[in-house]
Protein chains: 2
Amino acid sequence: MTERRRDPITGQWRIFATDRQDRTFLPARTECPLCPTLPGHPSTEIPEPSYDVVVFDNRFPSLMASPPAPSVMRTDLYEVEPAQGATEVVVYTDEHSASLGDLSTDRIARVVDVWADRYDQLGRRDEVAYVFIFENRGEAIGVTLHHPHGQIYGYPEIPPVARLELDTALAHLGAHGTCVLCDVVARERADGVRVVARNRTFMAYVPFAARFPYELQVTAHRHATSLLDLTDPERHDLADLLRTVTRAYDALFGFPLPYVMSVHQAPTDDGEWLAVSHLHVEFTPIHRTAEKLKYLAGSEIGAGAFINDTSPEQTAADLRAAVPRSNLERSLACP
Amino acid sequence: MTERRRDPITGQWRIFATDRQDRTFLPARTECPLCPTLPGHPSTEIPEPSYDVVVFDNRFPSLMASPPAPSVMRTDLYEVEPAQGATEVVVYTDEHSASLGDLSTDRIARVVDVWADRYDQLGRRDEVAYVFIFENRGEAIGVTLHHPHGQIYGYPEIPPVARLELDTALAHLGAHGTCVLCDVVARERADGVRVVARNRTFMAYVPFAARFPYELQVTAHRHATSLLDLTDPERHDLADLLRTVTRAYDALFGFPLPYVMSVHQAPTDDGEWLAVSHLHVEFTPIHRTAEKLKYLAGSEIGAGAFINDTSPEQTAADLRAAVPRSNLERSLACP
């Protein structure tokens, strides 16, 4: 059973994919399906002895180009659709124990180029309305493969969080005549107190109303609508700041911090969203201290009201203190 | 710092309460603050040698009747408000190792009566617009006290999930002239395939588009808008079905299943929502098998698109098989 069903209580579409229940789960190092294929480590999903970045279709897809017919009949109340779309895996490096922040800025820029290319290619497909690039990192987030990788989903509609952000930005545009993220990034530049790192093109800051204690937004200073809207030097600046942020995360508590990274870009089917689509990358780590997690529980799951036990100004200071000194100096020198 | 901040990107209000960072965390059995006060177990939060049900203000509140002034100035872009509202703790029983399902139906009905009374009392307060009754159960959900208890939040506005459900129900009412949950519960009664248990007043079923594998909705057959809208026999029927469901959860994998339980009722400030407010209790356990959890990760946190690796029809069958036989027979005999 692989299909999409609409929940009549919230109006949201949800994805069902029962084959995923049996997907590869925390395999031994020597069984890693994302490692290069080598003598002593045969038959991985990547038939190459070494590689820089690799993208391929997820072996346990939740969305696909040619999905099976739904298992139930559609009614007015209970709508169901084939699970059209795309799910891809992006392997960042052939080094099993590395992470995004371990790569050089040039290597991360190659990952950014691959993201931009897949955003372009998947966005052209009829069955894809929104391209969502993300990374789940760490067992505490539910990662089932440790090898450093991210994922790309091509949803057949604009998913709920993106839709909420776009609708809210549209209301802001109507009320103030400006893009809300352009206003936010200008305000964060002026305030400074929640800024963690910055360069010419991007700024990393703890959001004013962060959901998670060490949440960060990495936002373009200018109104870039997607990765495709960035010049090569701007993509390099994004890679630079992603490296700074992920290294600060790992320095914060002295272990690789589990997080979700989400790239928010313009929908790909409809140009009318461009005025309110402002490229930003969200990092949502779930630790609230070195030992304790921020769990999503009653208030978050049942009511949708996030409770944060920390002050964004304080966690920004904690993260600034964890930024590698050379990056910090460059940040401070930046206009 | 205890305050509410509005996120300009989503328009959602979030709650900040830094004192909660130091709240009591998984104390030893002999230090449990929710146990009765007895020789050898002095100075708990409940100065009684025994009790049935107890309600009191949360010692580490995120919302309160007289909150402090916010830590930052409000601007047009970054709105901030005092954290007005209420947070209460409901202790179900003085038995430290019991759970809701261990209590008799009459005892659970007393808990339901307390919920109804607090819904009434908190709902009358000027600073409370929505009363949210919930339980976080199990360490995997992030519970910090094991003693069986739930919580009640009095939010100063209708929180995002409730608002989404009400808006969606309003659109359904406009399109079809009916309450969407009245339609859902009639359809589930007719289909039967997702029903887990039922009695005269309530029905428990896996939602057609469930987010979590073993998610359940416990919904009134008739259009009851809140617990206050139930007769005493109807409250007893709710208690009966809550007992059946929680016992089935504990039998499912042979251990107390961690879950969030959320009671969805009418907002308390505005009667205009009554036509679309249909009392239902949601259970969202996070296990997808006995050993594996359904984590909220990239697709859920970053995009808001839930992926469920199970079929609601199959998990309903699993749960039916876990319902205690006497309850199952009563369910089947029910009209």
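In S13(B), which residue is the bridge partner of A:Ile15?

Analyst: The bridge partner of A:Ile15 in S13(B) is B:Ile307. This is a predicted model, in which local features need pLDDT of at least 70 and side-chain atom pairs count only at pLDDT 80 or more, while totals for chains, interfaces and linings use all residues. Residues are numbered from 1 along each chain as its sequence is written, and chains are lettered from A and ligands numbered from 1 in the order in which they are written.

The pairing belongs to strand S2 (residues 13-17) of chain A and strand S13 (residues 307-308) of chain B, which run parallel and are joined by 2 bridges. Strands here are DSSP runs of E with at least two residues, helices are runs of H or I with at least four, and both are numbered from the N terminus; two strands pair if DSSP finds at least two bridges between them.

Within chain A, S2(A) is also joined to S1(A), by 5 bridges, and these two strands run antiparallel. One of the pairs is A:Thr2 with A:Ala17 in S2(A). The hairpin of S1(A) and S2(A) has 6 residues between the strands, and A:Gly11 there takes a positive phi near 75°. Strand S1 (residues 2-6) of chain A is mostly covered, with 4 of its 5 residues buried; a residue is buried if 20 or more other C-beta atoms, placed from the backbone, lie within 10 Å of its own.

The contact between the chains takes 65 residues from chain B and 65 residues from chain A; two residues are in contact if their C-beta atoms, placed from the backbone, lie within 7 Å. On the side of chain B that touches chain A, helix H2 (residues 160-176) of chain B gives the largest share, 6 residues. By class, that side of chain B has 34 nonpolar, 18 polar and 13 charged residues. Nonpolar covers Ala, Val, Leu, Ile, Met, Phe, Trp, Tyr, Cys and Pro, charged covers Asp, Glu, Lys and Arg, and polar covers the others, Gly among them.

Buried residues make up 50% of its 335 residues. Among the contacts in chain A with a separation of 6 or more, 68% are between residues 24 or more positions apart. The C-alpha trace of chain A spans about 60 × 55 × 40 Å along its principal axes.

Technical notes
A residue is buried if 20 or more other C-beta atoms lie within 10 Å of its own, exposed if 12 or fewer, and partly exposed in between; C-beta atoms are placed from the backbone.
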